Every structure is written in C-alpha cells, then in structure tokens.
Amino acid sequence: MRAILYDTFGGAEVLSLKDTDKPEPGPGDVRVKVVTVGVNPLDYKRRYGWVEQFYPTTFPAVPGLEFAGVVDALGDGAGNTFAVGDEVFGLTRTGAYAEYALAGDIAHKPAALSFEAAAALPVAGETAQRVLDELGLAQGETLLLHGAAGAVGQVAVQFAVARGATVVGTASPANHDFLRTLGAVPVAYGAGLADRVRAAAPQGVDAVFDAAGHDALPVSIALRGGTTDRIVTIADMTAAEHGVPFSAGGTPSEQVRAHLAAHARLAVEGRLAVPVVETFPLADAAKAQELSEAGHVRGKLVITV
C-alpha cells in the first residue's frame, strides 16, 4: 500500500510517500480502506517529537489519528459489530495517512454524511466533548475559549452553547462574525486580552478551555481570580509549570464510540458543523501539515487517499 512515512523527527520535509506493507488484522481487529483523513495540529506536533510524553512514537511512523473509510478485512472475533463493506469513521491505531489502517475506536458512518465531513468529526468532537466534561461546564456559566475559530474550538462553542453556557471566544478579528453565527461572543487575542474579556463577560469567567496555546494560561489564571481550578489546555506544553492540566485523552473506548455515533447524528441533523476548508491528495500531505502548522485555519483540512 501507499502511505506517508517518517523515520525521524523534524519539519514537513521528513514526510515521504512510500510503498509499505498493509497492516494485517489480528484477533478482534478491523482493517479499513481509508478514503479520507482529518489533519490535526497534533499531527505536526508528533512529527516534531513535542508530545512524546503523551504519544510515544515508533519509527517508521505513519501520521494521522482520524479517518473515514470502508471496512476491508476482519480479524478473528471482530464480526459482531462491523462487516466487510461497512462505511465507518473514527480513530486508527496504525496511522491514517495510508491506504489501509487498523481501526481504533470507530462507528458506522451515516449514509447522509460525506466521507470528508466524517473524517473531520472524530478528533474535534471527542476533544471538545472531553474537555467540556472535564471542566464540568453547566447551564448559565461562562466559558472562556482560546482558539475558538479552529476545528476543536468551533465544536466546543457549539457544544457549550447547547449546554446553555455563554462562550467568550478568542480569535482574530477576521473570524469574529463567523463566531457570532455559532453563538459565541468574540474577542481579539493579544495585548489587552484580559480587559476585553472582562468587558465581554462582566459576570466573570467560570471555566477556561485553551485550544490555542500561545501563552494563554497566565491571563486565564488571572481571569479566574488567580486560581488554576477549572482551566484545561490541549495546546500548551508548559501547562504543568502553571499548575494547569493538559488534556490528552483517556476517555474509555465505549464512551468514545458512543460520542462518535452521537456526533455523527448531530451533524446529519444540522446541529453540529465542522467545515472542511481544503482537501489535499495523499501525496501532498506535507503541504497540508504546513498549512495546519501555520495556523489560522477556520475548520478542517482533509486528505483524500
């Protein structure tokens, strides 16, 4: 099969398209023919070796966490839930930037959901759901969300608004009108952020979700009155220095699969949107990661295999 591989940490130049062996399904495994792949900031962070404490790498490595595709083969005992030919989406254990992958947590893809839209859902949906649950965000509370216009941020805005919370979202001014359509109160990041947040939320901030990094934690702690309670980051690798938890997964598989199915239903019903802003062929995976690394992508980048 064709796959994107890298055998050392570094920039996008370490990625190359190569022929390699298909992963063979063992007992209980589901192998999929990958159709589309979601590109995430975590892909380039793993490529640089920045998150080894959470996601250790074995070389040669295939990037990518999320995909949509078609079940291609089943290991012994794997036929109770999925059958060959089923359209599925979710997470992979062997890397998604490849023609074939072994599935991790997956769910059936609704026929009304395109492969591109399905590949955009798993990481953004699961991450947003997990962090809002970790924060215990409830109706009537105010959430400060750093990086509100990114894929995870957009989903978090939609989930938080559905919970009855007020969302103050940081983003560049070009994304403010868009965030208003999602129900957020946008504020510009940068110098003077604390004052802008206080003006937008005179009632105070009950919880903080940092999906951006970029030194957002000190101002977040200040806005929480000096406490690190109810602040979670998925983007700042210096979190421990501030006494803030870094959320990197750990949700039980059954719960992840239930979330995948629920988020797909919401997408089909028009109650959850993760716009796909650009698609790339597998051979251009490095370009997709470079664009992701540059930031300011409003939505998802998707690779077609």
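In which loop is valine 274 found? Valine 274 is found in the loop between α9 and β12 (276-281), and the points below set this residue within the rest of the chain. The structure is a predicted model, in which local features need pLDDT of at least 70 and side-chain atom pairs count only at pLDDT 80 or more, while totals for chains, interfaces and linings use all residues. Residues are numbered from 1 along each chain as its sequence is written, and side-chain values use heavy atoms, with hydrogens and water left out.

**Overall form**

- The protein chain contains 10 helices and 13 strands; these are DSSP runs numbered from the N terminus, with helices (H or I) of at least four residues and strands (E) of at least two.
- The radius of gyration of the protein chain is 19 Å, which agrees with the value near 19 Å for a compact globule of 305 residues. This radius is taken over C-alpha atoms, and the globule rule is 2.2 Å times the number of residues to the power 0.38.
- The C-alpha trace of the protein chain spans about 55 × 40 × 30 Å along its principal axes.
- Among contacts with a separation of 6 or more in the protein chain, 65% are between residues 24 or more positions apart; contact means heavy atoms within 4.5 Å.

**Surface and charge**

- Of the 305 residues in the protein chain, 52% are buried. Buried stands for under 20% relative accessible area, exposed for over 50%, and partly exposed for values in between (1.4 Å probe, protein chains only).
- The protein chain exposes about 12,700 Å², and carbon and sulfur atoms supply 51% of that area. Accessible areas come from the Shrake-Rupley method with a 1.4 Å probe, and for residues only the protein chains shown count as cover.
- The protein chain has 23 positive and 34 negative charges, whose mean positions are 4 Å apart. Lys and Arg count as positive and Asp and Glu as negative, with His and the chain ends not counted; each charge is placed at NZ of Lys, CZ of Arg, CG of Asp or CD of Glu.

**Nonpolar cores**

- In soluble globular proteins, nonpolar side chains tend to be buried together.
- The largest nonpolar core has 44 residues, of which Phe89, Leu143, Leu145, Leu179 and Phe209 touch the most other members. A nonpolar core is a set of buried Ala, Val, Leu, Ile, Met, Phe, Trp, Tyr and Cys residues joined through side-chain atoms within 4.5 Å.
- Elements that give two or more residues to this core include α3 (122-135), β7 (142-146), α4 (151-162) and β10 (207-210). Helix α4 provides the largest share, 7 residues.
- Leaving aside residues up to four places away in sequence, leucine 143 touches Leu132, Leu135, Leu137, Ala160, Thr166, Val167, Val168, Ala207, Val208 and Phe209.
- A second, separate core of 27 residues includes Phe82, Ala96, Ala103 and Ala285.

**Backbone features in loops**

- Phenylalanine 59 and proline 60 are joined by a cis peptide bond, with omega about -10°. Proline 60 lies in the loop between α1 (41-48) and β4 (66-74).
- Histidine 214, in the loop between β10 and α7 (217-223), has a phi near 60°, a positive value in a residue other than glycine. Histidine 214 is exposed, with a relative accessible area of 74%.
- Arginine 230, in the loop between α7 and β11 (231-233), also has a phi near 60°. Arginine 230 is partly exposed, at a relative accessible area of 21%.

**Individual residues**

- Valine 274 counts as buried because its relative accessibility is 12%. Apart from residues up to four places away in sequence, valine 274 touches Ala120, Leu121, Ala151, Val155 and Lys300.
- Valine 274 and glycine 150 are 124 residues apart along the chain, and their C-alpha atoms are separated by 9.5 Å.
- Isoleucine 231, in strand β11, is buried, with a relative accessible area of 1%. Its contacts, not counting residues up to four places away in sequence, include Leu135, Val208, Leu217 and Val244.
- Alanine 261 lies in helix α9 and is partly exposed, with a relative accessible area of 25%. Alanine 261 and proline 173 are 88 residues apart in sequence and 34 Å apart in space, C-alpha to C-alpha.
- Alanine 199, in helix α6 (residues 193-200), counts as exposed because its relative accessibility is 62%.
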